[in-house]
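Work through the exercises below with the coordinates open. Each task is followed by a stepwise solution.

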Amino acid sequence: MQALSRFLSMAAVAGLAVGMAACSPDKDTIVEPTGGGNSPTFANVSAALVSACGSCHIVGSGRPFIATMDSSRLVASGLLNTASPGTSAILVKARSTAHGGGIVTAFSARDSALVAAWIAALPNIDAATLTSVRTEFAPTLDGVGEALWLQAQPLTVPIGGGWAAATSIAIRAMYDDNYLYMYLRWDDRGASYVRTPWVKNADGSWSVSPAMPAFAAGMDWAAYMASRGGANFNPEAPEFMYEDKLAMIWNTYGPTTVPEFERTGCAAACHDPTKGGSPGTTYNSVRKDLAAKKYLTVPGQILDMWHWKLVRQNMNSKMDDQYVRYWVPVNDATAGNGGRASDTGSEGYRSNPAVNGRPTFKSATLGHLPPIYSWAESDTLRMTDAEVAGLPVGTVVANMITSPPTGNRADVDARGVYDRVARVWTMEIRRRLVTGDDKDVQFSDLTKTFKWGVSVFDNAQIEHSYSSVPLSLVFKK
Ligand code: HEC
């Protein structure tokens with residue numbers, strides 16, 4: 001909650017500065033460094049960063065990079081690449097148009113050289129690399145981490161930018177001859193599974209509850225958050241009727257697939273059409289092409305996307321195998337999904353369909369409302385008109401019917417479990433190293449480094465908190 005208010009203030013500043021950037025003098029005309037001296041000491045680096053970046057990357061802004069980080073936290077952030085200082089996210093972002101703060105003109109070429117020299121002097125570690133270790137025994141895919149996971153070192157990935165309570169996610173990886181396995185842990189103040197249910201109104205009619213309170217078309221994310229309580233915003237509030245989710249994106253065929261992904265991670269695929277291709281969030285249900293969307297801007301580009309959905313697929317131990325593709329923001333039938341597409345096969349879920357404006361099915365064994373707001377296709381029972389008419393006002397009927405997904409869409413196994421005491425999600429993921437589907441990343445050459453990113457959706461449809469630095473996965477023999 002605190003993190004959120006801080007993010008809001010930063011987002012407001014970001015908006016302002018982006019607007020101003022266009023009027024700022026050309027980068028080359030700035031001669032004097034904004035802070036720090038010439039020798040690459042941490043004190044000088046820190047002064048330069050605080051001065052050029054501190055207006056937005058302040059403590060509590062919800063961003064992983066905070067200008068006042070001490071040297072060890074900066075190293076642990078994963079924003080530095082000691083093997084190749086110039087490719088460090090901290091330097092690349094500051095001069096990239098795919099940066100929420102735009103090109104930071106106050107960060108001079110001399111500042112950049114100073115920081116690069118300091119990074120080059122650091123021990124050669126890469127804090128954003130997850131190492132997958134070979135395992136003799138396969139973990140059971142139940143979402144509960146057995147002791148055998150202790151063979152693998154966790155990577156703690158900072159996440160920010162959305163409304164998730166979690167500010168980081170811990171991930172371990174293992175593999176054997178056939179599969180890659182991952183184990184994830186992240187904080188959440190509550191499990192969310194009230195996904196857009198049917199509700200009986202006072203006049204006897206039925207409505208499907210919205211996932212979130214309405215927004216004005218064209219409203220931006222910061223304004224929406226401010227309108228929903230600002231610092232007191234709570235994604236677990238009863239008016240948010242959605243589900244917890246988690247997603248990963250992989251640069252499908254390696255560095256040449258989406259070159260921008262190698263440098264900026266998932267931000268390479270998140271675009272706000274109203275902001276000239278920069279990442280951002282704008283709500284728009286009327287002009288859907290103007291709403292924030294995930295898409296790629298170069299024809300032929302593709303990213304592999306694994307998308308876990310608590311209410312729709314967890315009971316079948318699956319994570320939706322999807323992908324992100326090229327899309328042009330036009331207000332046609334494609335606008336709802338933007339560049340989001342699915343592998344071939346069935347998704348394994350559908351809404352409880354309307355008949356005469358009311359829900360068709362209930363659960364044969366659990367009645368109208370199962371504990372998680374979905375039930376199996378095989379457990380559906382058609383309700384009669386008389387039965388529905390007799391239900392009291394306010395009756396809630398689940399709106400999701402599930403079945404095992406099929407085909408390439410079912411390539412990724414995943415199971416999440418929520419611990420109500422520790423208030424943490426744990427999840428196990430399993431995918432065949434090689435699937436043979438051209439929409440999928442293939443872990444066939446285990447000497448390669450695979451770039452990826454992860455995001456947490458805390459009872460959110462799109463307002464996910466994400467890892468902004470590209471992560472690497474390597475396989476240890
Ligand atoms: C005007 C506000 C603003 C300024 C100034 C700014 N940034 Fe950012 N920065 C953002 C926003 C918003 C994001 C989140 C969106 C994104 O990932 O691009 C961000 C993201 C980043 C990221 C990705 C990791 C993270 O923390 O989310 C890095 C690295 C980064 N900025 C570095 C810098 C550096 C280095 C400077 C100073 C030279 C700087 N920024 C100045 C607004 C700003």
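**Exercise 1.** List what Val324 touches, leaving out residues up to four places away in sequence.

Solution. Take two residues as in contact if their C-beta atoms, placed from the backbone, lie within 7 Å. For Val324 this gives Ile249, Ala269, Lys294, Tyr295, Leu296, Ile302, Leu303, Met305, Gly339 and Arg340. One of these, Leu296, is 28 residues from Val324 in sequence, with a C-alpha to C-alpha distance of 7.0 Å. The model is predicted: local features need pLDDT of at least 70, side-chain atom pairs count only at pLDDT 80 or more, and totals for chains, interfaces and linings use all residues. Residues are numbered from 1 along each chain as its sequence is written.

**Exercise 2.** Decide whether Val324 is buried or exposed.

Solution. Count other C-beta atoms, placed from the backbone, within 10 Å: 20 or more means buried, 12 or fewer exposed, and anything in between partly exposed. Val324 has 26 such neighbours, so Val324 is buried. Across the protein, buried residues make up 46% of the 477 residues.

**Exercise 3.** Which residues have the most contacts inside the largest nonpolar core, and where does this core lie?

Solution. Join buried Ala, Val, Leu, Ile, Met, Phe, Trp, Tyr and Cys residues through C-beta atoms within 7 Å. The largest set holds 104 residues, and Ile169, Ala173, Ile249, Ala269, Leu303 and Val324 have the most contacts inside it. Domain 1 (2-120) and domain 2 (130-477), with bounds from an automatic or database domain assignment, both contribute residues, so this core lies between them. A second, separate core has 6 residues, among them Tyr224, Met225, Tyr283 and Ala291.
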